[in-house]
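Welcome! Have a look at the sequence and the model, and then try each task before reading on.

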Amino acid sequence: MSASDSETLANYKKEMIDQSFRDSVATISKEGNRNYIHPQKPKGKLYNLRSYFSYFYLILFFTLPFIKIGGEPVFLINVLERKFILFGKIFWPQDFFIFAIGLLTFLVFIILFTVAFGRIWCGWACPQTIFMEMVFRKIEFFIEGDVAQQKRLNARPWDGEKILKKGAKTIVFFMLSFLIANFFLGYIIGIDEVGKLVQEGIFVHIGTFSALVLFTLVFFFVYLWFREQACIIVCPYGRLQGVLLDKNSILVAYDYVRGEPRGKATEQGHGDCVNCHACVRVCPTGIDIRNGTQLECVNCTACIDACDEIMDHVGKPKGLIRYASENNIALKEKTTYTWRLKLYTIVLTALICFLAILLITRADVSARIIKTPGQTYQQLDNNKISNLYNIKLANKTRRIIHLDLKLEDAIGEIKLINKIDVPKESYFQTSFFIIFTKDQIHNRKTKVNVGIYENGKRIQNTTATFLGPTI
Ligand code: SF4
Ligand code: SF4
């Protein structure tokens with residue numbers, strides 16, 4: 001059969017599948033109420049692999065805030081103090097351009113990754129999925145049992161057992177949310193600041209305490225009740241899938257060419273899907289992957305494991321649901337490196353190179369010189385005139401920097417009002433005079449180059465405008 005014949009057949013078979021599922025969301029009932037999903041406990045090779053990965057991920061999440069380089073955390077996103085540390089390197093608002101290019105690079109990387117591998121991030125590395133499926137859901141299974149037991153528990157009156165189990169789950173969920181909130185806050189203000197709250201009390205750190213309470217409540221709400229809605233309704237990345245994915249993107253997909261038409265294992269003349277719904281029962285977002293790629297699918301792989309187990313039972317090859325692209329399934333094509341991927345790769349490579357250059361050439365000190373407001377020029381003795389300037393400096397290093405200023409390409413002098421000793425990781429501001437003799441100034445405005453020196457070595461060059469008398 002030619003490729004086009006295969007495609008025609010595939011499309012034909014696809015159209016045979018009922019499309020009415022697209023009219024509603026599995027988590028919302030016909031009356032518009034929340035359809036609370038009770039997925040079955042997954043088991044299988046991929047679930048085990050995801051569990052191992054999540055252990056590594058959780059260890060990293062809970063230890064990273066304690067790891068420091070030169071006394072500073074490895075990661076800090078302190079939006080309040082506008083201090084950002086990535087891999088131990090401090091970035092300041094003055095580094096906004098680098099930060100913007102870094103974000104752009106990250107965005108292109110995400111796009112490239114998604115075009116190639118779909119939502120693999122969501123299933124394997126997204127903190128929401130890891131905490132929901134690998135922490136909170138496992139605790140829920142442990143306390144309330146598997147899905148049938150959970151449903152029975154929900155249906156029974158509030159007797160001793162129900163109060164005990166629901167109470168235990170609520171307390172454990174709240175305590176875990178509180179723990180996660182502490183570490184989450186640690187990534188924003190630093191774990192030492194969070195520690196001070198414990199040592200010095202909430203009244204001394206009322207702001208930190210308020211943030212902690214807010215984060216705890218948000219996490220508690222998300223993991224106890226909101227759950228998969230965060231992925232379906234809130235997450236912007238999920239919403240982007242429709243734009244980013246194409247027929248070559250690798251996703252968790254049902255092989256409808258092999259599986260359709262569905263039928264019982266004991267019957268002849270149908271595809272490999274035995275219509276057992278095992279894949280639907282394990283889905284945490286409540287969808288049927290056999291309906292095709294859907295916005296709700298977080299690529300958690302639970303349906304792959306469930307279907308593989310069924311295929312084992314009925315003696316058919318595994319992989320009826322597997323990681324595959326539309327073209328893998330419909331045309332039996334191997335995954336190709338498409339022009340779209342090539343284009344994104346070129347853009348990403350260019351951005352990475354540009355970012356590397358910016359990082360390598362990033363100055364330790366940034367300086368801005370402005371004329372002191374309200375001042376023009378001052379007449380001095382000896383036929384000299386002076387201008388007063390303010391200089392604002394940011395020291396991006398972890399050491400005190402002693403600086404000196406010199407005029408470049410001009411015969412004049414600089415008179416400092418204070419010594420320029422810029423404390424580590426801080427801003428410093430002072431004033432200074434630039435002085436010329438009158439015969440050296442021929443214009444109302446003269447551009448002068450000011451060199452910033454550390455230990456006799458010029459580390460930066462900046463300009464200032466010198467105002468003289470009108471000639
Ligand atoms: S369809 Fe499969 S991969 Fe997608 S969310 Fe449901 S169980 Fe996970
Ligand atoms: S688990 Fe496999 S066989 Fe069962 S309904 Fe899903 S796709 Fe069909």
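**Exercise 1.** Which residue stands opposite Ser386 in β10?

*Solution.* Before starting, note that this is a predicted model, in which local features need pLDDT of at least 70, side-chain atom pairs count only at pLDDT 80 or more, and totals for chains, interfaces and linings use all residues. Residues are numbered from 1 along each chain as its sequence is written, while chains are lettered from A and ligands numbered from 1 in the order in which they are written.

Step 1: find the strands, which are DSSP runs of E with at least two residues, numbered from the N terminus, just as helices are runs of H or I with at least four. Strand β9 covers residues 378–379 and pairs with β10 in the antiparallel sense over 2 bridges; pairing requires that DSSP finds at least two bridges between two strands.

Step 2: read off the partner. Gln378 stands opposite Ser386.

Step 3: look at the hairpin of β9 and β10. It has 4 residues between the strands, and Asn382 there takes a positive phi near 60 degrees.

**Exercise 2.** Find the other pairings of β10.

*Solution.* Step 1: strand β8 (residues 365–371) pairs with β10 in the antiparallel sense over 7 bridges, and Ile369 stands opposite Ile391.

Step 1: strand β14 (residues 427–437) is also antiparallel to β10, over 11 bridges. Here Ser386 stands opposite Ile435.

**Exercise 3.** Describe the surroundings of the two ligands.

*Solution.* Step 1: count a residue as near if its C-beta atom, placed from the backbone, lies within 6 Å of the molecule. Ligand 1 has 14 such residues, and Cys283, Ile289, Cys297, Cys300 and Cys303 come nearest.

Step 1: turn to ligand 2, with 15 residues around it, the closest being Cys273, Cys276, Ala278, Cys279 and Cys307. Elements giving two or more residues to this shell are α13 (278–281) and α14 (302–314). The largest share, 3 residues, comes from α14.
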